[in-house]
Amino acid sequence: MRTRLLAATLTAFAAVSLAACSSSGSTSASDSGAGTGTSTSAAASPTSAAASATATPAPGATPPTDASTGSAAGDASGGSGATGGSGTAGGSAPAKPAPPTDAGMPAKPGTDVTAKLVAALDAIDPAIVGGKPDQAIDRARSQCQSMYQFPKDKAKLVELADQRFTTPDHPQGFGPDKAAKINEALRTTLCPPPA
């Protein structure tokens, strides 16, 4: 009996300590219940609610009702327990959904667009395509995605084009001047216009 009461008190103390350290702004239950042997549940975070749910509650105490919403029942004397805010764990706003992984990447072009792109790249340097139009198209599509992600960072886009468009004879790329021309060729033939 004493072991259960001690376990419940330690769990309540840990929950109150977590609530005090938490930056979520939730109000914890009164601190006086932590040292008197009564079980007090705090709902400051899902961690503290889950911790209090795993311990054996003191006799007569009601266990937490829902760890995910932060609501908790009162202590052994019938108190109202802790307030958990608006029902969201931690009171944080929902996370903004991440854009799809292929955002900004154009679909594989048809033969007419492929021919225009290959001609534009050959006009810069025939070694860029080097007889491998499929490889050049894949690299161009990836570069279009980078242009979508960093529309105003011209220096980064030049650097990325120089890293992407390489050949055995040009393992370090074709240099910043040709990389900038590659970006312009992609804008006029393959990449969708910026939003």
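Visitor: How many aromatic pairs does the rule give here?

Guide: The count is zero aromatic pairs. To pair, rings of Phe, Tyr and Trp (its six-membered ring) need centres within 6.5 Å; planes under 30 degrees apart count as stacked, over 60 as edge-to-face and the rest as tilted. Before we go on: this is a predicted model, where local features need pLDDT of at least 70, side-chain atom pairs count only at pLDDT 80 or more, and totals for chains, interfaces and linings use all residues. Residues are numbered from 1 along each chain as its sequence is written, and side-chain values use heavy atoms, with hydrogens and water left out.

Visitor: What is the average pLDDT of the protein?

Guide: The average is 71, and 48% of the residues score at least 70. pLDDT is the predictor's confidence in each residue, from 0 to 100. Over residues 23-55 the pLDDT is below 50, and over residues 64-89 pLDDT stays under 50 as well.

Visitor: What makes Cys 144 and Cys 191 a disulfide?

Guide: Their S to S distance is 1.9 Å, and the rule asks for a pair of cysteine sulfur atoms within 2.5 Å. Cys 144 lies in helix α6 and Cys 191 in the segment after α8, so the link ties together parts that are 47 residues apart in sequence. Helices here are DSSP runs (H or I, at least four residues), numbered from the N terminus.

Visitor: Why is Asn 183 called buried?

Guide: Buried means under 20% relative accessible area, exposed over 50%, and partly exposed in between (1.4 Å probe, protein chains only). Asn 183 has 3% relative accessibility, so it counts as buried. This residue lies in helix α8. Leaving aside neighbours within four places in sequence, Asn 183 is in contact (heavy atoms within 4.5 Å) with residues including Gln 143, Met 147 and Leu 157.

Visitor: And how do you know whether Ala 140 is buried or exposed?

Guide: Ala 140 comes out at 0% relative accessibility, so it counts as buried. You'll find Ala 140 in helix α6, and its contacts beyond four places in sequence include Leu 117 and Phe 165.

Visitor: Which residues of helix α7 are buried?

Guide: In α7 (residues 154-164) they are Leu 157, Val 158, Leu 160, Ala 161 and Asp 162. What covers them includes α6 (133-149) and α8 (176-189).

Definitions and conventions
Helices (H or I, at least four residues) and strands (E, at least two) are DSSP runs, numbered from the N terminus.
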